[in-house]
Structures are given as C-alpha cells and as structure tokens.
Amino acid sequence: MNTVLSRANTIFAFTLSVMAALTFCCFLTTAMNDHLSPIKIDVNKIIVKNVQDFSTTRDKNDLGFITFDLQADLQHLFNWNMKQLFLYLTAEYTTPNNKLNQVVLWDKIIRRGENARLDYRSLHSKYYFFDDGKGLRGNQNVTLTLSWNVIPNAGTLPRISGVGAKTFQFPEEYTPGNARI
Amino acid sequence: MDAIKERLNAIPSHMDYKGQKLAEQIFQIIIIVFAVVGFAWGYVCEQFVQTVYILVAGFILSCLLTLPPWPIYRRHPLPWQKPRDDSKEVSQKESKKTGGKKKEKSK
C-alpha cells in the first residue's frame with residue numbers, strides 16, 4: 001500500500017469481490033421462485049400430408065400443418081434477476097416407430113421490458129412438423145405444451161412447462177397436393 | 001516515455017504505516033456501505049444495474065479519498081535516526097568487512 005498503484009490494485013480487487021458477493025445475493029433473492037404460470041392453447045386447422053423430407057431419407061414422411069391460438073400472461077415471472085424468457089411450443093406424441101417424439105413448432109424470446117401478455121389467434125407454426133416415419137396420420141394423442149427457459153442475470157437456467165396443455169388428433173387421411181391452410 | 005516515467009516516479013506517494021492502515025479501513029468501509037445501500041436501492045427499483053452504478057460511485061469516491069497521499073495519512077512518520085556522517089567510522093566499518101571476508105574465504 002506504499003505506492004499509488006498498489007493502493008489502486010487493492011481497491012479494485014476489493015470492489016470486484018464485493019460485486020461478486022452482491023451478484024450472489026441477487027441470485028439468492030430469486031432462487032426460490034417456481035416460475036409457473038397457466039396458459040391456454042387451442043388448435044384450429046389440422047392437416048396431415050405425406051411429402052418427401054429432403055433433410056433425411058428418400059422415403060416420404062408425414063408432415064403436419066396446424067394453426068393454433070395461444071393465450072398466456074407471463075408478466076409476473078419477470079423480476080430484477082430475470083433477463084429474458086425463451087418460450088417454445090412442443091408437440092409430443094407416440095408412434096409405432098418411436099416411443100416418444102417431441103417436435104418444437106414455434107418459439108419466441110421475450111426480453112425484460114417487452115410485452116409478456118401473449119394473445120395470438122390462428123398462429124402458424126415456425127418450424128416444419130415432420131415425423132420420423134408415417135406416424136402422424138390418425139394419431140389420436142398429440143399434446144401441445146408451451147414451455148419456457150428462464151434466463152436470469154445470475155443463477156441457474158431451468159426449463160419450466162406451462163400449466164395447461166392441449167391434446168388433439170390428426171385426421172385419418174392425407175390432404176393431397178399443395179393444399180394450403 | 002522515460003522522461004515521463006521519471007517525472008511520475010518523482011512525485012511522492014508514500015504513506016506511513018498507520019496511514020496505510022487508515023486508508024485501507026476507509027476504502028473498505030466506503031465500498032461496503034455503498035454496496036449495501038446499492039443493493040437495497042436496486043431491490044426497491046427492481047433493477048440490478050442501479051446496484052452496479054452505486055457500487056462504481058463508491059469505488060470512485062474511495063479512490064479519490066485514498067489514492068492521493070493526503071496529509072492525514074502522514075501523521076505518524078517513522079522515527080528514523082539522523083544520518084551520521086563520520087568518515088572515520090566509515091573506514092573502520094570497511095576494514096571490519098574485509099576482515100570478515102578473508103575469514104570466509106579461508107574456510
């Protein structure tokens with residue numbers, strides 16, 4: 001502590017240590033949150049087609065087209081330790097080929113300060129709903145769930161599923177050609 | 001560059017020991033007080049960035065208070081003895097030194 005540089009070094013190191021302790025305290029203030037929230041999903045149009053999936057084999061696979069409604073109020077999840085929420089809509093079902101299939105159809109990033117009250121009608125999926133095989137036609141039990149990945153300023157990044165899921169069925173017949181929804 | 005360095009090094013920046021202890025206590029207390037106040041304010045405002053800003057303000061304040069060698073840090077200088085300037089003593093010391101060296105070499 002005899003020279004200016006030595007004193008500056010000590011003060012700076014002490015400040016950084018205190019900053020780390022404050023960040024840990026910030027994490028502690030929100031560590032017990034459960035981040036749950038009810039959501040509401042409805043499905044409008046449901047179509048299944050059989051087309052060639054160019055990213056896999058030469059066979060034709062089932063391609064599902066759906067439009068859905070989505071209502072959720074996630075404003076109460078945001079606090080001073082929440083940087084953003086990564087939402088994703090998953091379709092989950094069973095086929096003879098695979099016991100569990102999960103396909104992400106749509107996602108959204110909600111940053112702190114942006115509107116977190118969702119009210120979508122007839123929303124198209126963002127990503128293709130291809131199946132690994134032909135298991136979508138006539139599938140009686142396809143469940144849509146909205147989940148979110150919590151991204152904090154300090155702490156863990158858990159994935160939480162919204163409360164409330166929607167189950168629907170695919171029709172028994174393919175829709176031919178270039179039918180659009 | 002060397003001329004600048006020499007001039008910078010020539011500025012006295014020392015503090016005596018009690019002054020250093022006082023400086024350390026001062027900056028630790030200032031930063032901790034600002035950290036607690038900043039944390040409470042950030043919690044109330046629901047913005048962690050306010051906590052960081054208040055802590056940086058505390059850092060700057062403690063730098064201003066403890067980096068320059070203010071006179072309060074020089075109130076207890078070490079009691080050095082006065083320099084003795086006898087050439088007779090110097091030559092006696094030198095002969096003692098060489099005597100000692102000769103003994104070590106013969107070992």
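Modeller: Let us begin with a span in chain B. The end C-alpha atoms of residues 26-44 of chain B are 27 Å apart, and this span is 100% helix and 0% strand. Please keep in mind that this is a predicted model.

Colleague: Which residues of chain B does UniProt list for "transmembrane region"?

Modeller: The unreviewed UniProt entry lists residues 26-44 and 50-73 of chain B under that heading. Residues 50-73 of chain B are 71% helix and 0% strand, with 33 Å between the end C-alpha atoms.

Colleague: What is the mean pLDDT of chain B?

Modeller: Chain B has a mean pLDDT of 83, and 80% of its residues reach 70 or more. The model as such scores ipTM 0.75 and pTM 0.76.

Colleague: How should I read disulfides, and how many does a search of the whole structure find?

Modeller: A disulfide is a covalent bond that joins the sulfur atoms of two cysteines. Over all chains, the search finds 0 disulfides. Cys25(A), for example, is in none, and the nearest cysteine sulfur, that of Cys26(A), lies 8.8 Å away. The cut-off for a disulfide is 2.5 Å between the sulfur atoms. Cys45(B) is likewise in no disulfide, its nearest cysteine sulfur being that of Cys26(A), at 13 Å.

Colleague: Is Cys25(A) buried, partly exposed or exposed?

Modeller: Cys25(A) counts as partly exposed because its relative accessibility is 31%, and buried requires under 20% while exposed requires over 50%. Cys45(B), with a relative accessible area of 29%, is also partly exposed.

Colleague: How is a pair of aromatic rings described?

Modeller: Such a pair is described by two quantities, the distance of the centres and the angle of the planes. The count for this structure comes to 13 aromatic pairs over all chains. In one of them, the ring centres of Phe68(A) and Trp106(A) are 6.3 Å apart and the planes stand at 80 degrees, so the pair is edge-to-face.

Colleague: Which parts of chain A does this pair tie together?

Modeller: Phe68(A) belongs to strand 2 (residues 60-73) of chain A and Trp106(A) to strand 4 (residues 101-111) of chain A, so the pair ties together parts that are 38 residues apart in sequence. Phe68(A) is buried, its relative accessible area being 0%, and Trp106(A) counts as buried at 5% relative accessibility.

Colleague: Which residues form one aromatic cluster?

Modeller: One cluster is formed by Trp80(A), Phe39(B), Tyr43(B) and Phe48(B).

Notes
Residues numbered from 1 in each chain as written. Chains lettered and ligands numbered in written order. Predicted model: local features only at pLDDT ≥ 70, side-chain atom pairs only at ≥ 80, totals over all residues. Heavy atoms only, no water. UniProt positions renumbered as here; feature names shortened; annotations may be inferred. Helix = DSSP H or I, 4+ residues; strand = E, 2+ residues; numbered from the N terminus. Buried < 20%, exposed > 50% of the residue type's maximum accessible area, 1.4 Å probe, protein only. Phe/Tyr/Trp six-rings, centres within 6.5 Å; stacked < 30°, edge-to-face > 60°. pLDDT = per-residue confidence, 0-100.
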